[in-house]
Amino acid sequence: ENGEYKEIKKYEEEEEIKYEIKKKEEKKEEKKKQIPANVLSKVFEYFTQKELVKIIGKVNKTWYQISREGRLWKTIEMNEFKVVKSIPDYIQLIEDIWKLDVREEDERRRDAPMKYRIKMERKRKRSPIKKIEFPYDFKCAEEHAIDQYIQYYDKIKYLCQEVETIKFPVLYDTKRSITDKIIKKLGEFKKLKHLSLSTHHKVTRRGLETLTPKLQTLELNYCQIEANDILRLLKDAPMLKALTVRGGTCIFKEDHIRRIKSINLKHVDIAVHADVSEKALEGLINASEGLETLHVTQWAKVTTAAIKHILAELPHLKRLSITGNRNTSKLDDLSVTSTSLKELSLMNFKSLKRMMVAAPIKRLQLEHIEEIQVDFALNTQNTLEHISTKWCSFEKPFQLKGNIKQLEYFDCTGLQEMVIDLPGLKSMDMILCDTQTLEIDAPLLLSTKIEGCRQLKQLQMATPNLQHLQLFQLITREFPILETLDIETHEIDSLSFQRCVHLSKLMIRSRSLVALNVSECKRLAQMSLACPELAKLAMSAPHLNFNAPFVHHLVTHCPNLTQLSLANMNSMQDDHFSQLCQALPQLQALIVKNCNALVKPHLEVPNLKGCHFLGCNTLQHLSFSRNPCQKLVLQANPQLHPSTLTQLTSDLFPELKYLELNALSIQQGIVVLTQLDTLKVAHCPFIQQLQIHSLTIHKLLLDSNPLLASINPVRQTELMELELINCVALEPHFFSNNLFQRLRVFIAEQSSFIHPQQLCLQSAHLTRVELRQLGHVQHIMFPNTTLLTEISLHQLDLQVSQLSQLVPQRQLQPWKMAMSNCPYITSLTCCPQHGNLVALSIMEMKHLRQLMLSGSLKLLDIRSCPELMHTHGTTVSSALDVIAYIEQCPILTNVTLQGFKSISFIHCLALSHHMVNQLAYTSTLKQLVLKSCPNIQTLSILQPHVVQIVLDKLFHLTQLVGHPGLRVYLSQCPNLSNKN
C-alpha cells in the first residue's frame with residue numbers, strides 16, 4: 001500500500017511540474033504574439049485623444065503607458081474633451097490632461113523594457129505640449145476674460161513650458177478678438193516660435209513687437225494691420241523665417257516693397273497692390289536671396305517677364321504662387337527653367353497661351369484661367385507628379401506625358417475628348433467637367449473619382465490595379481447620360497451603377513469582382529462580363545436579349561454565382577431561365593421580379609437556399625425538383641395556380657423553414673411541410689381555408705385575409721409567435737386555451753373574433769404583447785405571465801386605473817409599456833409591486849387626468865394629454881440616463897418628479913416657474929429643458945447639482961438666476977437681457 005501511495009504522489013508531482021512548464025511556455029508564446037511597443041505607438045496616432053483616454057488607456061497597463069507617449073499629446077485637441085469657451089475652461093482642460101500623467105518622449109526610455117521604462121518616467125516629468133490651438137468659439141475678448149487670463153497665467157506658463165506654437169483660428173464673431181494684453185503675456189513663453197492669428201482686428205503692432213524678436217513664423221490672416229506696421233516688425237525680427245499676411249487691410253504698394261531692406265525670410269505670402277510693377281518687386285527679391293516660398297496675390301500687372309525675373313534672381317526658390325486678375329492679367333509664352341522650383345501655382349489669369357516647363361517641378365496648379373491654348377509642353381525631365389486644374393477653360397485638351405502620379409480636374413471646360421495615357425498615374429479626379437468621351441490607360445492607377453460630368457457618354461478604363469472607383473455616386477437632381485462603359489480592373493471587389501440609368505452597353509473584365517449591381521440600368525441592351533469570381537449579380541434590363549447565347553456567356557464567364565437577382569427581364573423565356581438555373585450549381589439565392597415572359601418554368605438548383613418570385617404577372621405554374629431550399633416567397637403573382645402549392649411537400653423541400661404566400665388569388669392553401677417553422681399568409685383576399693400539416697411550426701403570421709375562416713389542423717401547443725392583423729372571419733374555436741400555452745409574442749390588430757369585453761392570455765412564456773384597434777376590449781389579463789418585457793396597447797376601450805390590473809405582482813423581468821388613444825382611462829397608478837417597469841410611454845390619452853408613478857423607471861415619455869393635471873413620479877434607478885419628457889400637456893399644473901437626471905417640458909402652457917424652481921431642488925437633477933412654456937417669467941437655479949439648462953421660446957422670461965457653474969443655452973428669449 002505504501003508503494004502505491006508513493007507512486008500516486010510521484011505521479012501527481014510530475015503532473016504539477018508539467019502543468020507549470022506548460023503554463024510558462026504559454027506565457028512566452030503570448031508575449032511573442034503581443035504587438036511591439038513601437039508598433040502600438042504608431043497605431044495609436046490614428047486615434048483621437050479622447051479615444052486614447054477613454055478606451056485605449058483602459059485595456060491593460062502596457063497600452064496605458066504607450067497611450068501616454070509625449071508625441072501623441074504635442075497638440076491638444078480641445079474640442080475632443082469638452083467645450084472650451086473661456087480662459088478657466090482652458091486652464092481646467094490643461095490641468096485635466098496634466099493629471100493623465102503624460103510623459104515626455106525619450107528614445108532611451110522607448111527602447112528600454114517596460115519595467116525599466118516606468119522607473120525612468122517617474123524620475124522626470126515635463127509637459128509634452130508643443131502646440132496650442134484654440135477652438136473657434138473661444139471667448140477671449142470680453143473684459144473679464146482678459147483679467148482671468150492674467151490671473152491664471154502663471155499656471156498656464158507652468159503647464160505649457162514647452163509650447164512652441166500657438167494658433168488663434170478664425171472667429172465667427174469679430175467682437176471676441178484678442179488684444180495686445182494677451183499678446184504681450186504670450187511673450188513670456190520662452191520657447192514660443194510660431195504664432196498664427198486670424199480675424200483678430202484688435203491686435204496691433206505694439207503687441208506683436210514683444211514677440212517678433214524670437215518668432216520664426218508669423219501668420220496674420222484678415223487682421224487690421226497695415227503694411228507700414230509689417231515693415232517695422234521686420235526690422236526687429238532677426239529670427240523670422242516665414243511671413244504670411246492674407247486679407248484685411250495689409251496690401252503692399254510700390255513704396256512699401258521698395259523700402260524692404262535686407263531680410264532673412266524663406267517663406268513670404270503677401271498681397272500686393274494692383275499697380276505694383278515688375279521693378280518694384282525687385283526690392284523684395286534683392287532683400288531675400290534665400291527665399292524658398294513666394295506667394296503673391298492680387299498682382300494685376302504680372303507679366304511673363306516678371307515671372308522669369310523672379311525665377312532667375314531667386315536660385316533657392318522651391319514654391320511659387322502668383323494670383324493675378326481674371327479680367328486683365330495675361331501670360332504669353334511662359335518658359336519655366338528654374339533648377340530648384342518644385343511647385344508652381346498660377347491663379348486668376350485671363351489667358352495662358354503657351355507654357356514650356358523644363359524645371360524639375362513636382363506639382364503644378366492652375367486655377368481660374370479662362371483661356372488655355374493648345375501648345376502646352378510639359379516637363380522634359382519627367383519629374384512632374386501632380387497637376388491640379390480648377391475653373392479653367394481649354395481650347396483643346398493638352399497631351400500629358402511623363403511620370404505624373406496625381407491628376408485633378410475641377411469645373412473645367414474644353415475637355416470634350418480626353419485621352420489619358422500615363423503609365424505612372426495613381427490618382428485621378430474629374431469633377432464638374434464638360435467631358436464627353438474619356439479614355440484612361442493607366443496600369444498603376446489606384447483611385448478614380450468621376451462626379452458631376454453631365455455630358456459624359458463614353459468611358460473606357462484600362463486600369464488593372466484600380467482599387468477605388470467613385471462613379472456618379474453623389475445624389476444630384478439630374479442623372480448622368482453615360483451610355484457606354486468599359487472597365488478593366490483586377491483589384492475592386494464590388495461595383496454599383498445604380499445612378500447610371502441611361503447605360504446601354506457595359507463591359508467589365510475583372511479577376512477580383514465579387515458583387516455587381518446594375519439593377520437601375522433600365523436601358524441596358526448589351527452586357528459582357530469576364531468575372532470568374534463574381535458571386536453576387538443584380539440586374540434589371542428590359543431591353544436585354546435574354547437568349548441562349550447570353551445564358552452561355554454568363555455561365556461561362558461567371559460560373560461562381562451564388563446570389564442572382566433578375567428584374568424586368570421581358571425576353572427571359574421558361575427554357576432559358578431553366579437552363580440558367582441548371583448551369584449554376586453554386587447558386588444559393590434567387591430573386592425573380594417582374595419577369596412577364598415566364599409562364600411555367602422549371603426550377604432545378606441543387607444548392608438553393610432561398611427563392612423569391614415577385615410580380616410575375618404571367619406566371620401560372622412553378623415546378624420544382626428536390627432541393628435544400630429553406631426560404632420560399634411567392635408574392636404578387638396573380639395567375640399562379642393552386643397546383644403550385646400542392647408541390648410544397650417535404651419530399652421536394654425537406655429543409656424548408658420559411659414560407660410566405662403574399663397577394664395571391666388562391667382560395668385554399670394546403671401546406672404539407674413537416675419541418676416548417678414560419679408561415680406567413682398576407683393580402684390574399686379570396687383565401688377561405690388554410691390546411692397546415694407541420695410538426696414544428698412556431699410562427700404564424702396572418703395579415704389582411706378578410707375571408708379566412710378556418711385553419712386546420714394546427715399544433716397549437718408549438719406556437720411561439722402569433723400575429724393577426726385584419727382577420728375578421730376566423731372561427732372562434734381556433735382560439736382555444738391550448739393556443740396560448742407556449743406563446744411568447746402575440747400581436748393583434750382590427751380583429752373582431754376576440755371576446756367582446758375581456759381578453760385573457762394565459763401563456764407563462766409570454767414576453768411581448770401588442771394590441772391595436774380592438775375597441776371592444778375593456779379588460780386584459782395575464783394571469784400566468786412572469787416574463788413579460790414589452791406591452792403595447794393602442795386604441796382600446798380599456799377601463800383600468802392601476803397597472804396591477806394588467807400585470808401580476810410577481811412579474812420578474814424589467815418591462816416596458818406603451819399606451820395611446822385609450823379614452824376611458826382617467827387615472828393611472830404604478831408602484832414597485834407591479835414589477836420592474838423601466839420605460840413608460842403615454843401618448844394621446846385625451847381623458848387622462850392623474851398619473852402616479854414609483855419604481856425604477858429609466859424613461860418617462862408623456863405626450864399630447866390635454867386633460868392631464870397631476871403627475872407624480874419617483875424612480876430609484878441607478879442608470880446613467882434617467883429621462884422624463886413631457887410634451888403638449890396644456891393644463892399640467894402639479895408636477896413632482898424625483899430621481900430623474902434629465903427633465904424636459906415642451907408646450908406646457910400652464911407650467912409655472914414655482915414648479916420648475918421646486919424641481920431644481922431634486923438632488924439627482926442635472927439637466928432641465930424648457931421650451932414654449934409662456935407662463936414662466938423668472939427662474940432661480942442655485943443648486944450646484946444642476947449642470948445645464950436649455951431655454952427655448954420663453955417669450956415672457958424676464959429674469960434668470962443661476963449658480964456660477966451653471967451652463968445655459970438660450971434661444972428666442974427676447975425679454976431676457978444680459979443684465980438679468
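Reply: Tyr-222 lies in the loop between strand S5 (217-221) and helix H11 (227-235). Helices (H or I, at least four residues) and strands (E, at least two) are DSSP runs, numbered from the N terminus. This is a predicted model, in which local features need pLDDT of at least 70, side-chain atom pairs count only at pLDDT 80 or more, and totals for chains, interfaces and linings use all residues. Residues are numbered from 1 along each chain as its sequence is written, and side-chain values use heavy atoms, with hydrogens and water left out.

Me: Why is Tyr-222 called exposed?

Reply: Its relative accessible area is 53%. Exposed means over 50%, buried under 20%, partly exposed in between (1.4 Å probe, protein chains only). So Tyr-222 is exposed. Its phi is near 55°, a positive value in a residue other than glycine.

Me: What makes Ser-704 buried?

Reply: Ser-704 has a relative accessible area of 17%, so it falls in the buried class. Ser-704 sits in the loop between strand S40 (699-703) and strand S41 (710-712). Its phi is positive, about 55°, although Ser-704 is not a glycine.

Me: How do you know that Glu-721 is buried?

Reply: The relative accessible area of Glu-721 is 18%, therefore it counts as buried. Glu-721 belongs to strand S42 (residues 721-725). Not counting residues up to four places away in sequence, Glu-721 touches His-698, Lys-699, Leu-700, Leu-701, Leu-743 and Val-745. Contact means heavy atoms within 4.5 Å.

Me: Why are H13 and H14 called roughly parallel?

Reply: The axes of helix H13 (residues 278-287) and helix H14 (residues 304-313) cross at roughly 15° and come within 11 Å. Angles under 35 degrees count as roughly parallel, over 145 as roughly antiparallel, 65 to 115 as roughly perpendicular and the rest as oblique. H13 and H14 are therefore roughly parallel to each other. Their contact involves Glu-278, Leu-281, Glu-282 and Ile-285 of H13, and Ala-305, Ala-306, His-309, Ile-310 and Glu-313 of H14.

Me: Which residues touch the most other members of the largest nonpolar core?

Reply: Phe-497 and Phe-905 do, among 257 residues. A nonpolar core is a set of buried Ala, Val, Leu, Ile, Met, Phe, Trp, Tyr and Cys residues joined through side-chain atoms within 4.5 Å. Residues touched by Phe-497 include Leu-471, Leu-485 and Ile-487, not counting residues up to four places away in sequence. A second, separate core of six residues includes Leu-40, Leu-52, Ile-56 and Ile-66.

How values were computed. Axes are lines fitted to C-alpha atoms, for helices over the stretch in contact, and angles run from 0 to 180 degrees between N-to-C directions.
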